Amino acid sequence: RVKKIDPKKISVFKPPESRWYHLAALTQQALAEQLRRCDAQIAPRLPRERVALITSLPGFGERTAAVMATYLPASFEGWGPRKKIVPRVQALFGLDPRLRQSGKWTGKVKISKRGIGAGRTALFQAAFCSLSHDEEMAAYYALLRTGDGRGRRSKTHKEAMVDVMRKQVRRLVAVLCANQPYGKKSHKAA
């Protein structure tokens with residue numbers, strides 16, 4: 001004997017209760033509002049002129065420029081000539097090369113990562129964005145990845161990105177020392 005199934009008694013799969021989705025949406029909105037309030041509190045404290053100069057560089061947006069302006073000392077221009085400032089700023093953000101060695105063993109040259117991590121992250125983001133917004137940087141990255149044809153080996157993605165980050169630091173120092181917005185022909189990297 002076959003039982004007849006009452007269609008009213010069939011339970012159809014129901015998604016999780018909408019109240020959880022509603023709570024998640026409310027939490028997301030509250031967090032977004034907190035971020036807006038934090039941004040509103042931070043914005044007046046930033047050096048506007050310096051942020052404007054940094055955002056003139058391809059790849060730097062408002063947030064990455066704010067991070068760089070925050071962590072760069074106000075008087076770094078007094079560290080000497082530009083060629084001496086650049087390695088010091090690179091070391092400030094942990095982009096200086098470091099060779100590990102012990103006795104006869106010699107390791108690879110890597111970045112030291114001793115500096116300010118948030119600044120290094122902002123530089124990485126700016127370097128990554130500059131690959132799509134700056135033809136000169138994209139060509140430089142492509143050259144690093146393929147090798148230059150003069151016997152230099154091609155670099156891995158990470159190595160090439162660190163070189164692009166270091167070039168961004170040179171551009172950053174050039175713009176801030178000259179106190180003028182970035183222009184391709186007006187600024188030569190230090």
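In which helix does R166 lie? In this predicted model, R166 is part of helix α7. The residue is buried yet forms no salt bridge. Its nearest side chain of opposite charge is D163, at 4.8 Å, whereas a salt bridge is counted within 4 Å. Leaving aside residues up to four places away in sequence, R166 touches Q90, L95, D96 and P97.

Helix α7, which spans residues 157-178, packs with helix α6, residues 135-146. Two packed helices are described by the angle between their axes and the distance between the axes. For α6 and α7, the angle is about 145° and the axes are 9 Å apart; the crossing is right-handed. On the α6 side, the contact is made by E136, M137, Y140, Y141, L144 and R145. These residues meet H157, A160, M161, D163, V164, K167, Q168, R170 and R171 of α7. By class, this contact comprises seven nonpolar, two polar and six charged residues. D163, the nearest side chain of opposite charge to R166, is among the α7 residues in this contact.

The crossing of α3 and α5 is left-handed. Helix α3 contributes T64, V67, M68 and Y71, which meet A118, G119, A122, L123 and Q125 in α5. The contact of α3 with α5 contains six nonpolar and three polar residues, and no charged residues.

Terms used:
Residues are numbered from 1 along each chain as its sequence is written. This is a predicted model: local features need pLDDT of at least 70, side-chain atom pairs count only at pLDDT 80 or more; totals for chains, interfaces and linings use all residues. Side-chain values use heavy atoms; hydrogens and water are left out. Axes are lines fitted to C-alpha atoms, for helices over the stretch in contact, and angles run from 0 to 180 degrees between N-to-C directions. Helices (H or I, at least four residues) and strands (E, at least two) are DSSP runs, numbered from the N terminus. A crossing is left-handed if the near helix is turned anticlockwise from the far one by less than a right angle, and right-handed if clockwise. Contact means heavy atoms within 4.5 Å. Ala, Val, Leu, Ile, Met, Phe, Trp, Tyr, Cys and Pro count as nonpolar, Asp, Glu, Lys and Arg as charged, and the others, Gly among them, as polar. Buried means under 20% relative accessible area, exposed over 50%, partly exposed in between (1.4 Å probe, protein chains only). Lys and Arg count as positive and Asp and Glu as negative; His and the chain ends are not counted.
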